[in-house]
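Student: Hi! Could you walk me through this model?
Tutor: Happy to, here it is.

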Amino acid sequence: MPSATPLPPFTQIDSAPPDQKLPTLHDFFHPGGLLANSSLAFEHRAGQYTMAKQIEQSFADHRHLIVEAGTGTGKTLAYLLPALRRAREHKQRIIISTGTKNLQEQLFFKDIPFLETLLGPLRVCYMKGRANYICKQKLYALRDNPLLTGLEEISQFHSILQWERTTETGDRAEVEDLPEHSSLWHKLDARSEVCLGQTCPNWESCFITQMRRKALESDIVIVNHHLFFADLSIKQQAAGAPDAGILPEAAAVIFDEAHELEDIASQYFGIALSNARFEELARDTETMLRAKGVTTSAIESATQTIRERSKLFFASLPSGPSDLGRLEFIDRADFLEARGDAYLGALNSLQRLEGELERLREVDEAAGLRKRTADIRNHLKFLLESTDPNTVFWIERRATSGLRNAARSASGPPQTFAFSTHLLATPIDVSTLLAETLFTHYPSVILTSATLAVAAPDGTPSFEHLKRRLGIPFPKELVVPSHFDYARQALLYLPPGMPPPRDPNFLPQAAEKIRRVLEITRGRAFCLFTSHAQMRELHDRLLSQLPYPLLMQGSAPRHILLQQFRDTPNAVLFGTSSFWQGIDVQGEQLSCVIIDKLPFAVPSDPIMKARTDAITAAGGNAFNDLQVPQAVIALKQGFGRLIRSLSDRGVLMLLDPRIRTTRYGATFLDSLPPTPAPTTSPPSKSSLIRRAHITSVFALVFLAVIPAGNLLLLLSSPSQTGSGFSRDCHFRPLRLSSDSSSTPPGGSSAVRLGGYAFGLRRLTRIAT
């Protein structure tokens, strides 16, 4: 039975704070200032102060700003204080949007309370999407007319009913044991499609109403990107109506984790329709009207027809080779010619329900249901009949049950798994939409993340890709280097002799390299992959070869796997895209990150294909202009999992040889924390003794075995051991004796690998 733990109210402030002036940025951040004298373990970070000053100046100048703040900068405080100062002194509300709910919760439940200990009471509120909150009207309707499925739903319902009597927020996060994908919650949440608005008898006590009031009283409103762009899309469709959306007006927006904006904006400026949406419409219509005692046989017949016709329509859609997955819907005209009857059947069933609901003018719920039905009908027409050139139309089938078996089986008949079918339309280019709805509407938009810049041809960081994709007009730009000392804390290992990723020998050799490195690090690693199939293959190959616990994505929810990884000594976690970002594991438990391939998006993905085609048609180079920059940012995200604090040590191993054998590999290397000038081919005998100038504090080590037993190493002098590599290092050949007693000239017999010293003989085992 679910248990409930109350969250704090939407804002932690019981009364309005006094209008006292907040400290200046200098008084807060400088050594000996307010932050230095706080309970926080303080270390002055020049980049943090610089970032805060640039944000404050951008507010004053009404300018947009892009800030790449390297890991460890302390960027949350760097934007929170300028935002609070602007709101307090100029009576202007600021919205802060995060890429994940985890960061959103960190800001509200950790960073804001900390600042209150220094600054006094602050007017700050915290908002999630409507689906996170309970709808009292739906809960009471289900209580009076319980239509529940199974003992589990009955148990969950009674727990939610008791929780609703005491909760101050209505946030489902308080119900700790409620399953993430609870079918019951979907019947009870406060999504806008069935909201009665001010005609609802529970309007005054509604949790959404309370949340909006708190937001209107707040200086800072903390949201996530999904809520922000869902709200922006609603306001765009409503042509700026004052009561549209849920977020209040603001003078500025700060986007943290801004590297996600294009994908999330594309999702909410597009259209999605699934067979589940038809089923939910039919179910909600029946439930709500039965609870009011106003349902009719005609309506019951209409909802049943919707179920039947929608099943026929979605079953008639084209399918790909494996059924599950994404497929571009390029032949819509041919589909309408061949299967137009299925489409018209679904369309007519919706029109019929609209007509029946029109008869119930005296029933408050009917108006919302009628609008919802009309929206689905209009979306269906757009998806099948629109000729918008800036839209790609596609189909996706997603597994809805048997997920663990699906994750374990790369093949097998897809019909053995239940799946939902989604028909989607996505903007190919969102830059114009964002320029009009976001960057023109708000005087200042601040974009920040640890991964926004991509190296230009001269090796310097550039925001051209981001500006082009998002349509940001004339922003100010700032790059704040990481606060971490990568020369001392991290090692990038590019194993030699790896075949190209498409070579049949890639997987066996990758498995062997991974095994040898994990033996040295004693597990304690993330293995990050670009595909589920490769993840499963390498996991299965290594399962019997390693004595460490192996965890794999798909075997449990992500948060449970992460907790298992933290709690299990020497664990190794295998994951794909969702583990490349938003993960924070500090300390020795994560000492190695292994990446199989450069994370290029699948070129056949409908959205990627449409965007590359559009760039090519416009005379651009889609590979250099889109595919490489996106992969660079993804690689930087994966790299960022390794070093999360000043005391962390670790090794990053990248198995893809293209980073040093292709021309575009230099873009990847130059975009990581600064590295030596990369080589485009493996070292040869003739190049054994040569000089490599390291341009920054990051040491890039190539380990390679060449004939005659020579080992190519980047060596440092005894005085440099343990304190990073010198700016001028030499590649030297070393002949290893059988007893490993050789000592390199002027150097140590060991090098520091991720904070652990290993003898040269041990290093030979890695390289061979």
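Tutor: We can start with the overall picture and then go through some parts.

Student: Great. What should I keep in mind about the source?
Tutor: This is a predicted model, so local features need pLDDT of at least 70, side-chain atom pairs count only at pLDDT 80 or more, and totals for chains, interfaces and linings use all residues. Residues are numbered from 1 along each chain as its sequence is written, and side-chain values use heavy atoms, with hydrogens and water left out.

Student: How many helices and strands are there in the protein?
Tutor: The protein has 26 helices and 26 strands. Helices (H or I, at least four residues) and strands (E, at least two) are DSSP runs, numbered from the N terminus.

Student: And what percentage of the residues is buried?
Tutor: Of the 768 residues, 53% are buried. Buried means under 20% relative accessible area, exposed over 50%, and partly exposed in between, with a 1.4 Å probe and protein chains only.

Student: Why two sides?
Tutor: In a regular strand the side chains alternate between the two faces of the sheet.

Student: Which strands are joined to β4?
Tutor: Strand β2 (residues 94-98) runs parallel to β4, joined by 5 bridges, and isoleucine 95 stands opposite valine 221. Strand β3 (residues 124-126) is also parallel to β4, with 3 bridges, and there valine 124 stands opposite isoleucine 220. Two strands pair if DSSP finds at least two bridges between them.

Student: Switching to helices: at what angle do α9 and α10 pack?
Tutor: Helix α9 (residues 225-237) and helix α10 (residues 261-269) pack at about 40 degrees, with their axes 9 Å apart. Axes are lines fitted to C-alpha atoms, for helices over the stretch in contact, and angles run from 0 to 180 degrees between N-to-C directions. The two helices are therefore oblique to each other; angles under 35 degrees count as roughly parallel, over 145 as roughly antiparallel, 65 to 115 as roughly perpendicular and the rest as oblique.

Student: Which residues make the contact?
Tutor: Among them are His225, Phe229 and Leu232 of α9, and Leu261, Ile264 and Tyr268 of α10. Contact means heavy atoms within 4.5 Å.

Student: And how do α11 and α13 pack?
Tutor: Helix α11 (residues 275-292) and helix α13 (residues 332-358) pack at an angle of about 20 degrees, with axes 13 Å apart. That makes α11 roughly parallel to α13. The residues in contact are Phe278, Leu281, Thr285 and Leu289 of α11 and Leu350, Leu353 and Leu357 of α13.

Student: Now threonine 612: buried or exposed?
Tutor: Threonine 612 is buried, at 11% relative accessible area, and its place is in helix α22 (residues 606-617). A polar atom of its side chain lies 2.9 Å from the backbone oxygen of lysine 609. Leaving aside neighbours within four places in sequence, threonine 612 is in contact with Ala622, Leu626 and Gln627.

Student: Last one: what is phi of histidine 62?
Tutor: Phi of histidine 62 is near 55 degrees, a positive value in a residue other than glycine. Histidine 62 lies in the loop between α2 (46-61) and β1 (65-69), and counts as partly exposed at 46% relative accessibility.

Definitions and conventions
Polar contact = N/O pair within 3.5 Å; in protein donor to acceptor, adjacent residues only side chain to side chain.
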